[in-house]
Amino acid sequence: MSVPAEREPATPAPVPALEVRGLVKHYPGVKALDGVDLVVRQHEVLGLAGENGAGKSTLLKALVGLVTPDAGEIYVRGEAVKLRSVVDAANHGIGMVFQEQSLVPNLTAAENILLGGEGAAVRRGVYRWDVMRRLAQEQLDKIGSNIDPLARTDTLSFADRQMVEIAKVLRIEQRSQHPPVIILDEPTSVLESKEIDTLFAQIRRLREFASVVFVSHRLDEVLDVCDRVTVLRGGRSVGEVATAGAVPRELHRMMIGSTGSDDHYHENAAAAVAAEQPRLSVRGLSGRSFRDIDLDVAAGEIVAIVGVHGSGREDVCRALFGIEPTTAGEIRMDGKRISLPNTRAACAAGIGYVPAERKTEGMVGPMSVAENMTLTKQKARCAGPFVAPRKQAGLVDRWIERLSIRTPGRDTPIQRLSGGNQQKVVLARWLIGGDIRLLLLDHPTRGLDVGARSEVYRLMRELAAGGVATVLLADSLEEAIGLADRILVMNDGRVAAEVACPNGGKPSPLDLVKEMV
Amino acid sequence: MSTPVAMQPVAEPAIGANSPRPARRLTGFMPLIALAALVVALAVADPDFLTLRSLTAVSRTAAPLIVLAAGATLIVLCGGIDLSIAALASLSTVLLALWLPDLGGLATPAVIGVAAAIGAVQGAAHVLLRIPSFIVTLGGMSILSAVALVVSGAGTVRVVDDTPVKWLDLYVAGYVPMSAAMALVVVALIAAILKATPLHSWVSATGYSESAARLAGTPVDLVKIGAFCVSGACAGFAAAMLVSRQYSGGPTMADNLLLPAVAAIVVGGTAITGGHGSLWRSLAGALVVTLLRVGLPIVGVPSAYEQILYGAIIVVAVALTLDWSKVSIIK
């Protein structure tokens, strides 16, 4: 690996606070962790970088006992441990501030901080508010916060709630006599920039008496606050970078790898884009989390919408399928104005949607491949009002073959297929009617391995070549750039920029990032 | 060379992770095993049990329960529950008894129509107001009971001339009660319609995963309202069976059928969380429940213990059939 050399400390290195060796975790169809190595030194802030699906969340979950690894070892201060639960991890001094905040909103900060560990604050089942206040204040003092312990949590700002969470996590100090390891998973995603500064000051303060693992999508943040960064890709650690002097581009290159196969996104198969009137034309579309969206997609064109979490791009996509309500604007398909009060209307207009959450929203797990495939376009398998078994069998088998879906049979429950094959069935659902005009793909490759991703990409190219217009919310910037003919950058609910993205003239991820934040 | 090698390893890794719990496999046969065991046990306890006369009596008793459970099964398959079926059936007996003198032969279809409409209204309230079906039908149960009391003047309504409903109390070929035969027809008809049309996909998808069904463009709301409508119609038909047998309607006549009906559904192995199950299972479940009911006195248990049995059956059957992977938090 072309890894910048680590500056060797002058004194012999003390035992790492936390070390992970060869951690492996399989999920059906996916290898989430494929032998990850990780070292967290004492009193260091370690950054964890990687694209979606690189294995970050699984690794973090393994570190706090929410996921049991299939193989590999976790060492806490040199001692091999098995972490079976969050309590287990806490007993070893490992605590995590979760991405989705885990505070009970209608309780006070003090109650939240002491939740589940009230100790002396409860006598004979009754709260002793003076003790509780004092104990909570002790925790808040550790991080130098001046939040009133008796304030109700839902009256606090996001940043203050995060401080409460950190104070709460620091309670694990009482369980282990060693400096704790605090994991922060995407702590900045809900914060304003000023609040982020406060958080970073806090993280630097934590370093005095703890080790910190910091995860963020924003590479500049990672470089700013961390001492060292470990990069994950495809469930493996692919490199370590000392942050002093490093630039985001370098990190990013390691995250995406040397995209190896030149034609990973089948760019040469990009379809010719029809020049006449657009297939989909959106003007001034506004909703709860987006305003004044203009969007054109031509037949055969793939338009990617990129943006950070909270940019509103998911909601735009859902609005185009009649899920998210809109307050203003118009939507035209092939020049004809349509209204989308519900998903039925969208289906009838020739719009298809592949949701990001495949297992809960995309497919009905216990139902068969055939039933899942024909769920929307029932007419395709029916004669009159009745299901025609032969017609269904022929239809489904044809599509199984056409999309090379690997399944024991058409009657196999879809949940037994691998992720990639499940996704192909979900895609086929929109194709069997032969009337698909616009496909909305919300993270169509989420959780898929490299081979399955490639097949989905090829399928997207084929559909585009067949004249289907596509709106893509990609898993990563690289994917968006590789697949799209045009990219819309969304920021805070608005279209911030539109970037042409033709084969041979692709923009760089950094060009897009500039507009995203 | 054309060995489908690629087909081999496909599902292997995933099967282990998704295979049903062992208990789940057993539940497929549970209602039939229970049914057979009960028949044997009762035949041993009372040699007279296996006579034609007693079997006829059992099937006649079971008929209204089968019809009620069949309708409610549709709602459970959609992921909801209908607690109002018994109260609606009671109200229907009152209406039928009141309308028979004026409407004659049209009274039965009229009552079934009204019951279906009441079911549809509850379904619409559940769907449009986004209130859990449990709450809607709990409220419905109370309202319908009260309406039945008001309409009947809080007393039994006698049927003087029962000719228009008499046919339901006759026997086919001398031994098979017409009511039992009609109950079978109802189950077979609904099951066949489900199987032969896209409705089966729609109902299952709605029950297994409503959000996935909605995102696939399934008419989830219509399916649910339809299920409530059919359940209401079944309650109306069950009422006609009761009236034909008792020559009267009463504001609480069918009330004691609610727990047995729910028990029949869950004993049949239909998942209370929705999606998995069938009407045939509920038929078997209803027979099991009926056999227990007639069997208790035979083995010497006072019938006062009946309710304890239903309560225990429901809890145990749900414990055995619940799909734990689907419910992360039990409320």
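## Where chain A meets chain B

Counting contact as heavy atoms within 4.5 Å, the meeting of the two chains takes 32 residues from chain A and 26 residues from chain B. This is a predicted model: local features need pLDDT of at least 70, side-chain atom pairs count only at pLDDT 80 or more, and totals for chains, interfaces and linings use all residues. Residues are numbered from 1 along each chain as its sequence is written, chains are lettered from A and ligands numbered from 1 in the order in which they are written, and side-chain values use heavy atoms, with hydrogens and water left out.

Together, chain A and chain B bury about 2,400 Å², 65% of it on carbon and sulfur atoms; buried area here is the accessible area (1.4 Å probe) that two parts lose on being put together, summed over both. On chain A's side, A:Arg344, A:Leu375 and A:Arg416 supply 23% of the area buried against chain B, more than any other three residues.

## Polar links and make-up

What about salt bridges (a side-chain nitrogen of Lys or Arg within 4 Å of a carboxyl oxygen of Asp or Glu)? Polar contacts do turn up, with nine residue pairs between the chains (both at pLDDT 80 or more). Such a contact is a pair of N or O atoms within 3.5 Å; within protein, one must be able to donate a hydrogen and the other to accept it, and residues adjacent in sequence count only if both atoms are side-chain atoms.

H10(A) gives the most to the side of chain A that touches chain B, with three residues. By class, that side has 18 nonpolar, six polar and eight charged residues.

## Inside chain A: domains 1 and 2

An automatic or database domain assignment divides chain A into domain 1 (17–93 + 176–257), domain 2 (97–174) and domain 3 (267–516). The C-alpha centres of domain 1 of chain A and domain 2 of chain A sit 25 Å apart, and their contact takes 21 residues from domain 1 and 19 residues from domain 2.

These two domains of chain A bury about 1,700 Å² between them, 64% of it on carbon and sulfur atoms. Across their interface the rule finds zero salt bridges, but five residue pairs are in polar contact (both at pLDDT 80 or more). H6(A) brings six residues, the largest share of the side of domain 1 of chain A that touches domain 2 of chain A.

Key: Helices (H or I, at least four residues) and strands (E, at least two) are DSSP runs, numbered from the N terminus. Ala, Val, Leu, Ile, Met, Phe, Trp, Tyr, Cys and Pro count as nonpolar, Asp, Glu, Lys and Arg as charged, and the others, Gly among them, as polar.
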